Amino acid sequence: MSLLTKCSDNHLIYNDSIMKKYLVIVLLLISVSTLKAQMYFSSFRMNYDVAIPLGQFRDSFINQTSWRGMSADSRWEINEHTTAGFNLGWQVFSQRLDDVTEELPGGQTTVNGTQFRFVNTFPMQLNTHYYLGDEYGVRPWAGLSIGTAFTDQRTQVGFLEMKNTSWSFALTPQIGIDFPIGIDDSALSLNLRYNYFSQNTVTYNYSFLIIGAGFKFGYY
Amino acid sequence: MTAKLIRVSPFMALLLFLAGCYPIGPEFVEDLDATYTVISDLSFDFDDPTRQTYYLADTIIVLTDPNASDTDIEINQAAILERVRNNMNQLGYTEVTDDNEANTSDYLILVSVVRTDNYFTTWWGGGWGGWGGWGGWGWGGCCFFPPVVTTTNIRVGSILVDIVDSRSISSDNNNLPEVWLGIGEGLFRGSQQNINTRLFESIDQMFRQSPYLQR
């Protein structure tokens with residue numbers, strides 16, 4: 001019994017010493033990573049976005065370019081060339097189509113008239129980007145956003161409105177370039193983003209190309 | 001004052017946001033016109049070659065709201081019936097004109113016109129008093145203008161063309177075996193000529209978008 005107690009005490013002493021070592025290592029790691037993080041800039045970006053419908057979305061529903069869109073993007077630097085963050089966006093597509101005849105689901109009713117079509121998309125994604133060039137110079141970058149998107153699609157004919165809302169898997173490969181303006185790490189930014197929102201409530205996926213122009217606010 | 005503005009600003013932002021979500025809409029009265037056709041009985045065989053004749057009821061049923069002050073809707077009833085007749089004839093049907101032989105026709109056609117009044121009361125001003133109790137009504141609110149109350153009537157008109165299967169009409173049953181329904185709907189606004197022109201266009205369209213009626 002006493003031997004067991006002794007063994008147990010030794011074990012406790014041994015554990016205590018290991019714990020202290022781990023604690024020191026963890027504290028060192030935290031301080032090093034904090035120091036490292038403070039060496040780089042993070043950024044918040046605001047964009048004005050123009051979107052061009054593509055694929056079946058363009059062929060089946062709206063083919064007009066959307067001039068109403070904006071997005072916000074926050075990025076934290078992991079190292080000198082890589083960031084991780086999240087982005088939110090809003091893009092409105094709309095189109096007027098005269099004298100359209102459309103059969104409603106079920107095949108029993110057909111409606112004709114001037115159609116007003118709308119699609120509002122709201123992507124919410126996590127992202128990662130890789131940057132070329134120097135921290136304070138012109139920096140081309142490429143990245144990928146993955147997340148979800150809420151889409152509200154409506155068709156109005158006369159006093160009738162057909163509505164379809166959905167949540168989709170949202171994938172957005174993108175490229176861009178930052179032009180520094182000489183104030184801290186701020187820059188003008190141009191980007192090209194391909195949005196692909198897959199969903200199954202209509203017969204096509206939402207895909208469109210965004211041309212974005214915005215401002216990058218850099219901060220420590 | 002500042003607190004009120006802060007409370008109101010999310011609402012204004014929401015209004016701007018909603019306006020931004022749907023940036024286009026009808027600009028002219030005609031933009032709200034729509035024509036519907038409904039196959040009332042999906043099992044009905046429109047291709048049946050033995051169905052060649054129709055009887056067109058010579059009276060249009062006109063329905064207005066019970067409390068409407070003006071019930072004379074001044075549509076050209078004879079012209080509307082003539083338009084329906086022309087469309088049926090162009091599709092290849094033959095009209096049965098003798099009332100006594102109406103029950104021998106393959107189809108019975110009934111035309112009706114419905115006008116409905118939709119009243120909306122809107123007001124603006126007086127410190128947003130009506131929106132969830134913010135501020136107060138009238139001069140005590142945040143703003144310097146008195147409230148303006150407006151009552152608007154959105155008057156909607158519809159023309160209905162029913163095709164009834166004459167062969168299935170039973171004297172024991174009050175329900176008519178409707179097989180097809182055409183509806184032209186729009187704002188009941190504009191000159192009489194404008195309303196009639198839109199009605200005619202709608203009648204033509206309901207037959208145009210139903211190619212299965214062709215003989």
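In the predicted model, helix 2 (residues 77-91) of chain B packs against helix 3 (residues 192-208) of chain B at an angle of about 25°, and the axes of these two helices are 10 Å apart. Because angles under 35 degrees count as roughly parallel, helix 2 of chain B and helix 3 of chain B are described as roughly parallel to each other. The crossing in which helix 2 of chain B passes helix 3 of chain B is right-handed. On the side of helix 2 of chain B, the contact is made by Ala79(B), Ile80(B), Arg83(B), Val84(B), Asn87(B) and Leu91(B), while helix 3 of chain B contributes Asn196(B), Leu199(B), Phe200(B), Ile203(B), Asp204(B) and Phe207(B). By class, the residues of this contact between helix 2 and helix 3 of chain B comprise eight nonpolar, two polar and two charged.

These helices belong to a chain whose secondary structure comes to three helices and seven strands. Along the sequence, the elements of chain B follow the pattern α-β-β-β-α-β-β-β-β-α. Chain B has 215 residues, of which 23% count as buried. Among the contacts in chain B between residues at least 6 apart in sequence, 71% join residues at least 24 apart.

In chain A, strand 3 (residues 82-103) and strand 4 (residues 109-131) run antiparallel and are joined by 18 bridges. Within this pairing, Thr82(A) stands opposite Tyr130(A), a residue of strand 4 of chain A. The hairpin formed by strand 3 and strand 4 of chain A has five residues between the strands, and in this hairpin Gly106(A) takes a positive phi near 105°. A positive phi also occurs at Asp99(A), where the value is about 50° although the residue is not a glycine. In general, most residues other than glycine have a negative phi. Asp99(A) is found in strand 3 of chain A, and Asp99(A) counts as exposed because it has 9 C-beta neighbours inside 10 Å, the limit for an exposed residue being 12 or fewer.

Strand 4 of chain A also pairs with strand 5 (residues 139-157) of chain A, in the antiparallel sense and over 17 bridges. One of the positions in this pairing is Val119(A), whose bridge partner in strand 5 of chain A is Gln153(A).

Strand 4 of chain A further takes part in a pairing between the chains, in which strand 1 (residues 34-39) of chain B is its antiparallel partner over five bridges. In this pairing, Ala34(B) of strand 1 of chain B is the bridge partner of Gly113(A), and Thr37(B), likewise in strand 1 of chain B, is the bridge partner of Thr110(A). The contact between the chains takes 19 residues from chain A and 20 residues from chain B. On the side of chain A that touches chain B, the elements that give two or more residues are strand 3 and strand 4 of chain A, and strand 4 of chain A gives the most, with nine residues. By class, this side of chain A has seven nonpolar, ten polar and two charged residues.

Methods. Residues numbered from 1 in each chain as written. Chains lettered and ligands numbered in written order. Predicted model: local features only at pLDDT ≥ 70, side-chain atom pairs only at ≥ 80, totals over all residues. Pairing = 2+ DSSP bridges. Helix = DSSP H or I, 4+ residues; strand = E, 2+ residues; numbered from the N terminus. Axes fitted to C-alpha atoms, helices over the stretch in contact; angles between N-to-C directions. Parallel < 35°, antiparallel > 145°, perpendicular 65-115°, else oblique. Left-handed = near helix turned anticlockwise from the far one by under 90°. Contact = placed C-beta atoms within 7 Å. Nonpolar A, V, L, I, M, F, W, Y, C, P; charged D, E, K, R; others polar. Buried ≥ 20, exposed ≤ 12 C-beta atoms within 10 Å, placed from the backbone.
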